Amino acid sequence: MGDHHHGPATGVTRWLFTTNHKDIGTMYLWFSFAMFLLGGFFAMVIRAELFQPGMQLVEPAFFNQMTTLHGLVMVFGAIMPSFVGLANWLIPMMIGAPDMALPRMNNWSFWILPPAFLMLASTLFMEGGAPAFGWTFYAPLSTTYAPPSVTFFIFAIHILGVSSIMGSINIIATVMNMRAPGMTYMKMPMFVWTWLITAFLLVAVMPVLAGAVTMMLMDIHFGTSFFSAAGGGDPVLFQHIFWFFGHPEVYIIILPAFGVVSQIIPAFSRKPLFGYASMVYATASIAFLSFVVWAHHMYTVGMPVAGELFFMYATMLIAVPTGVKVFNWISTMWRGSLSFETPMLFSIGFLVLFTLGGFTGLMLSIAPADFQYHDTYFVVAHFHYVMVAGAVFSMTAAVYYWLPKWCGRMYSESMGKIHFWISFIGFNITFFPQHFVGLAGMPRRIPDYALQFADFNMMSSIGAFIYGASQLLFLYNVIATIVSGERVSDEKVWDGAEGLEWTVPTPAPYHTFEEPPLVSKPAGTF
């Protein structure tokens, strides 16, 4: 920081060198929103091409570049960093810590992300184009037949992994070492619990992803044959390694979302979360089980029936702790004094749609049935119900819920409600018909399709444009709030734990790093 004895940094240096968890959280949130819009743009290209049968806008190769980059940017650029930003903002305040445990590393774990995504996006302009092998980048398509830009893709994945691991170590160190006196583990807010468990998952599986892309790199450049049968390797080995990362990854994405709705639903029900301890144990159970179900993505590779049975039953078992959570959220609302502000609307939307996505997941867990569903639009519908209606809806709820605390200003509630309803309707118009075309046999990741799928695809594309447009309303609402929203200092706000009123102190002005005094219940009381 150079001058740091002469007052706090300002301008560019403030953001470049900051070790303040709130600044870093803010940068993560803005960066992830930018990635959300970029990934959304890729999705718009996909849906525009699929608006009617035949080839309209793009070449098939470019279409597959879009599907690949849409998945990678949404998962690694939009969803994961947004929840890391949330963790940075909230965890220290929720456990009574002055900051994160490792603030310099915190800065670095953010600042390596923009160059990584710049590099990933730049593959679009390279010779041979961006990778077109899907976000799961199965070998040998991603090794033997990949464009030269695959090397940049591999490097980008490495950097994202390093960022995730550093962020996770930081969260683990903070939660384990920096809780306020009296803040025992079983008194931590659910959001802190879900992120602590998520951080352990990340530390466990990001090195596996790093191993997969390192083997790809060596197969491409150094003459090894990890994934080449000709040299004694096995393409199916790639899938095992990838999904041993990829399945815990989907829980890494959804567990913080569970934490968010476990904060919001009690607040707008005016009563404590039902079954707190069971929620903690359910989260831990889901995390554990996430490691033993990976091959349910691979029923069609020709594994022994005994293997299919194991993965089928293990997968169905995950429905139990997830069901515990769903019933606990419903029980929290049961006979509560409910009000339906925007964060609550998004949380209830999450609850309904995520549960629907859970049911289609249960269908996909059944091995013989999965032979019919595999690689169809039914799978696309399933995972967008858990990724978008799960992760994105809960993240949106979180922004509406905590934005007044972050910037000291209130968003437009009516605009928030409009955003919810347009999102909710647009989302369902987009993804519900995909169940039908999938069951009717439409494969995923293709730029053209048979005539009988035309009507539902047109519906799907119209829904996607509606859902995409609603996010611009969200962006406007957030910016308008920060710039000119009504001040909420000393306004009555609902506290998430017991529905008690408390006052939000005016945030310290931006030119100081002084912490405003916390006006909440003393540490150690639930």
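Tutor: Thr194 lies in helix α7 (residues 190-221); helices here are DSSP runs of H or I, at least four residues, and strands are E runs of at least two, numbered from the N terminus. The model is predicted, so local features need pLDDT of at least 70 and side-chain atom pairs pLDDT 80 or more, while totals for chains, interfaces and linings use all residues. Numbering starts from 1 along each chain as its sequence is written, and side-chain values use heavy atoms, without hydrogens or water.

Thr194 has a relative accessible area of 0%. It is therefore buried (under 20%; exposed is over 50%, partly exposed in between, with a 1.4 Å probe and protein chains only). Leaving out residues up to four places away in sequence, Thr194 touches Leu255, Pro256, Phe258, Gly259 and Thr283 (contact: heavy atoms within 4.5 Å).

Phe258 is also touched by Phe350.

Phe350 belongs to the largest nonpolar core, of 156 residues (buried Ala, Val, Leu, Ile, Met, Phe, Trp, Tyr and Cys joined through side-chain atoms within 4.5 Å). Phe350 is among the members that touch the most others, along with Phe76, Leu86, Phe153, Trp195 and Trp329. Helix α3 (residues 60-95) gives this core its largest share, 21 residues.
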